[in-house]
Amino acid sequence: MDPQSNASDLVRLWQGQNPINQAQMRRFHDELIQYLENPEATLFVRGRPIDRRKTFVTDNGLLIAPTDNSPAWWAHKMVSTPNSVIDFKRIPTHMFDTGRDGFNTINRNGYYVAHIIAAKIGTADFTQWSREDAVARFVCNIHPINHFYVPMEHRNLGENPEFILAAARLAEEMYGETWNEFVEFAGDSGLQYLINLTNKPSQTFAPSIPRQSQRAPVLPSASGRVEYSSTRLHFKAKFIEPLGWDDSFRVHTPFGIFEFTKRQFYETFPKIVVSDSYRIGGNYHGATLHFKASAFLIFE
């Protein structure tokens with residue numbers, strides 16, 4: 001295997017050595033969503049070595065369990081084993097815990113598990129996280145759709161932007177809507193991480209990730225109306241849900257400015273309001289959503 005070969009071809013080859021089909025990935029994804037529906041679910045996130053094998057309770061009631069990369073090894077085992085029992089309460093937090101129950105990890109089979117969106121984004125101080133932040137960190141840490149597998153002798157390529165972008169493009173191609181839902185759970189920071197990778201000078205290709213709008217991400221209004229910017233029409237629960245029914249919010253996008261009252265949003269997009277992406281992950285966006293919301297396009 002020549003590490004100088006085309007990055008996309010090599011990532012496809014590595015993934016093919018550790019195949020996970022659409023149905024397997026969707027089963028893991030759906031069970032992960034079900035786990036997150038419990039507001040008291042422990043969230044396993046990358047953290048300091050000194051904090052591993054411990055669970056912390058933040059001031060806002062989040063249960064945080066810091067880990068090394070062992071949850072990624074566990075996730076591969078769960079998603080690639082037919083009829084596995086995916087018990088999120090048994091996620092290992094330390095590599096030395098993966099030997100239990102005859103656990104044979106992908107790492108022990110000669111592969112390094114790399115992440116597409118980094119498992120550690122933003123402040124390391126989990127006492128400052130919202131639940132949305134913590135869920136994004138947890139999902140990026142554990143979700144196998146965010147992992148790709150690199151032979152140990154070439155593990156440095158797992159940190160190479162070109163190989164990460166190749167893995168992102170392949171994940172989008174292989175898993176479609178599941179990938180899109182994962183990116184929504186990964187939140188603004190996760191999407192921005194991918195956008196930043198596409199702007200690296202060494203880039204030779206990029207997945208279908210929109211470039212960032214040049215507007216400020218949140219624009220406070222003197223009228224109390226919420227305004228924020230996004231690369232596409234993007235509904236963010238952290239801004240919308242505190243509003244009264246007749247309070248309005250604006251979303252600045254490359255396609256124009258869209259304005260809704262909370263009531264209009266709920267009445268026009270009832271399926272979005274009850275979707276897992278919005279209700280649990282706090283985010284919902286789509287590449288063509290602005291067409292469906294054309295009646296709310298405003299002109300100033």
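Biologist: How close do the axes of helix H2 and H3 come, and at what angle do they cross?

Modeller: The axes of helix H2 (residues 22-36) and H3 approach to within 9 Å, and they cross at roughly 120°. That angle makes H2 oblique to H3, since angles under 35 degrees count as roughly parallel, over 145 as roughly antiparallel, 65 to 115 as roughly perpendicular and the rest as oblique. An axis here is a line fitted to C-alpha atoms, for helices over the stretch in contact, with angles from 0 to 180 degrees between N-to-C directions. Helices (H or I, at least four residues) and strands (E, at least two) are DSSP runs numbered from the N terminus. This is a predicted model, in which local features need pLDDT of at least 70 and side-chain atom pairs count only at pLDDT 80 or more, while totals for chains, interfaces and linings use all residues. Residues are numbered from 1 along each chain as its sequence is written, and side-chain values use heavy atoms, leaving out hydrogens and water.

Biologist: Which residues in H2 meet which residues in H3?

Modeller: On the H2 side they are Gln24, Met25, Arg27 and Phe28, and they meet Trp74, Ala75, Met78, Val79 and Ser80 in H3, where contact means heavy atoms within 4.5 Å.

Biologist: How do H2 and helix H6 pack, and at what angle?

Modeller: H2 and helix H6 (residues 177-198) pack at an angle of about 30°, with 10 Å between their axes, and these two helices are therefore roughly parallel to each other. From H2, the residues Met25, Arg26, His29, Ile33 and Leu36 meet Glu177, Thr178, Glu181, Phe182 and Phe185 in H6.

Biologist: Turning to burial, how many residues of H3 are buried?

Modeller: Nine of the 11 residues of H3 are buried, so this helix is largely enclosed by the rest of the structure; buried means under 20% relative accessible area, exposed over 50% and partly exposed in between (1.4 Å probe, protein chains only). The buried residues are Ser70, Pro71, Ala72, Trp73, Trp74, Ala75, His76, Met78 and Val79, and they pack against H2, strand E3 (63-67), E4, H4 and strand E5 (147-151). For the protein chain, which has 300 residues, buried residues make up 53%.

Biologist: What is the value of phi in Asn83?

Modeller: Most residues other than glycine have a negative phi. In Asn83, phi is positive, near 60°. Arg53, which is not a glycine either, has a positive phi of about 70°, and its place is in the loop between strand E1 (42-46) and strand E2 (56-57).

Biologist: How many aromatic pairs does the structure hold?

Modeller: The structure holds 23 aromatic pairs; rings of Phe, Tyr and Trp (its six-membered ring) pair if their centres lie within 6.5 Å, and planes under 30 degrees apart count as stacked, over 60 as edge-to-face and the rest as tilted. Among them, Tyr35 and Phe138 form a tilted pair, 6.0 Å centre to centre with 45° between the planes. This pair links distant parts of the chain, with Tyr35 in helix H2 and Phe138 in helix H4 (residues 131-142), 103 residues apart. Both Tyr35 and Phe138 are buried.

Biologist: Which kind of pair do the rings of Trp245 and Tyr266 form?

Modeller: Their centres are 4.9 Å apart and their planes lie at 85°, so the pair is edge-to-face. Trp245 lies in the loop between helix H7 (237-240) and strand E9 (248-253), and Tyr266 in helix H8 (residues 262-268), so the pair ties together parts that are 21 residues apart in sequence. Trp245 counts as partly exposed at 43% relative accessibility, and Tyr266 counts as partly exposed at 23%. Ring pairs link Trp245 and Tyr266 into a cluster with Phe235, Phe249, Phe260, Phe265, Phe269, Tyr278 and Phe296.
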